[in-house]
Amino acid sequence: MADSYQRLASPHSPPLRVIVIGAGLGGCAAALALHHHGHNVVAVLDKVRAFHRLGDSLGLGENAYKLLARWGCSVSEIQSIGNQAPTMKIRRWHDGKVLAEQPLMDMAGYIGHRGDYHDIFLKWVKERGIPIRMGCEVVAYEDKDPEAEIQLASGERLSADVIVACDGIKSLARHLVLGARDEPVSSGYACFRAYFEPSEEMRNDPARNKFLGGDSVNFWIGPDTHVVQNTLRGGKEFNWILTHKDDGDVPESWFQPGDMDEVRRLVEDIDPDIKEAIKSTEKCLDWKICYRKPLSTWVSAGSHRIVLLGDSCHAHLPTSAQGASQACESAGALAVCLGLVGRDEVRVATRGYEKLRFPRTRVSQTHGEDLRDRWHNVLKNVDGEIEVDPDMVKIKNRPLYRFDAEQDARDKWDEVSARVRAEFANGRIEPLCD
């Protein structure tokens, strides 16, 4: 932890007890924020028995870095393992012509491997003495006062003042909160993804080594498709992601093997500088991009003590580059809200949290949708040599970074908490959306 770090004192005596479900990036962020604000994080639970280096590229925006630093995290640990390229280039699909160049932080800074980021987040949680319990699958929730309760597959029961479900889009808690199962909706797109260490042969092949000389990030955009290339650690690691139209029935999974023959077909007309690096890849993963419709509530209807956070309630498209950053924001806002009420008003805090966070996450979610649509449409039905306004293809996440989720919660608390109390008095909590 940072040498000058000071954890905040609890506003409650004794502190609120919180259980976090899911030890991914969102769950770790929740534990860090809650601990910083003086709450007692009893445990972070995850159903897997061990973590592996899964996934590929991940980056954080300045809106997340400012919170992590405030919580005592040494953000330089993440920045040192991420991509050090100062800028990124957005290129035309067929010939690689640069359409726009902008600072990398305009999307997300220090892009690195998700697994490496996760290792550092886990280390930060452990440094604070917060127990991380592996192999603990939640099979049931009890939404009750004075404490909500969970049951594990082992039969063990645990209870807390607040339970925060950060276990992703398939979270069991979603069903409890919604009162029904919600099925994934196809976005009409899928991603082929690969992340690997280039071989010596690839490094020495002029047809494949154009982007192996050092850290770099490039995008190739075309009608209904785009490719992301991320080279980091001085060329020691190489990552590409191909987003394309897809209506096939692919399982909603990060780990579905991809069809490299289909990849080769899809990139046959891409810029020669990147084509062979992709076509020669041995294997990839196929990820069907699904989404859930915005949820009408993030909080359980009975005790209001079970709350959703991160992908379990506000999953983002890859083009948003804000999924992990928004989970950090939600973590900070929830921790602040819980500190602004007495122990007997937890329900006001959780309902205030969802009202504060829903409109903000919708803004960042739609940023990703807007970018994908701009990239996939700007070159449709136009002459191949037409000049494209750089602003039409630039990533526009920078305005999101000025936001401070914790200060926003404090600034709006009087108005939001008054609304929540009025809704309780009237016997009806207003849904977040239709």
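Tutor: Before we start, a pocket here is an open set of grid points with protein on both sides within 12 Å along at least five of seven lines. Keep in mind too that this is a predicted model.

Student: Okay, how much space lies in the second largest pocket?

Tutor: Picture the spot first: among the 23 lining residues, the closest to the centre are Ala194, Tyr195, Phe196, Thr281 and Lys283. The space in this second largest pocket comes to about 530 Å³.

Student: Which element gives the most to that pocket's lining?

Tutor: Two elements give two or more residues each, namely β12 (185-196) and α6 (200-203). With 4 residues, the top contributor is β12.

Student: And how many of the lining residues of the second largest pocket are charged?

Tutor: Sort the lining by class and you get 10 nonpolar and 5 polar residues. The charged ones number 8.

Student: Is the crossing of α2 and α10 left-handed or right-handed?

Tutor: To find the place in the model, look where Asn63, Ala64, Leu67 and Leu68 in α2 meet Ser325, Gln326, Cys328 and Glu329 in α10. That contact has 4 nonpolar, 3 polar and 1 charged residues. The crossing there is left-handed.

Student: How do α10 and α11 run relative to each other?

Tutor: The axes of α10 and helix α11 (residues 346-377) come within 9 Å and cross at roughly 155°. Angles over 145 degrees count as roughly antiparallel. So the word for α10 and α11 is roughly antiparallel.

Student: How many charged residues are in the contact of α10 with α11?

Tutor: On the α10 side you'll find Gln326, Glu329 and Ala333 among others, and they meet a set in α11 that includes Tyr353, Arg357 and Arg360. α10 passes α11 in a right-handed crossing. The contact divides into 8 nonpolar and 5 polar residues, and the charged count is 3.

Student: Which residue is joined to proline 14 by a cis peptide bond?

Tutor: Go to the segment before β1 (17-21), where proline 14 is found. Omega of the bond is about -5°, and the partner is serine 13.

Student: There's a cis bond from aspartate 145 to proline 146 too; what is omega near there?

Tutor: Proline 146 is found in the loop between β8 (138-142) and β9 (148-152). The peptide bond from aspartate 145 is cis, with omega near 0°.

Student: Last one: where is tyrosine 110 found?

Tutor: Tyrosine 110 has a phi near 50°, a positive value in a residue other than glycine. As for its place, tyrosine 110 is found in strand β6 (residues 109-113).

How values were computed: Residues numbered from 1 in each chain as written. Predicted model: local features only at pLDDT ≥ 70, side-chain atom pairs only at ≥ 80, totals over all residues. Heavy atoms only, no water. 1 Å grid on protein atoms, 1.4 Å probe; cavity = no way out; pocket = protein on both sides within 12 Å on 5 of 7 lines; lining within 4 Å. Points joined across faces, edges and corners; volume = space filled by probe spheres on them. Nonpolar A, V, L, I, M, F, W, Y, C, P; charged D, E, K, R; others polar. Left-handed = near helix turned anticlockwise from the far one by under 90°. Contact = heavy atoms within 4.5 Å. Axes fitted to C-alpha atoms, helices over the stretch in contact; angles between N-to-C directions. Parallel < 35°, antiparallel > 145°, perpendicular 65-115°, else oblique.
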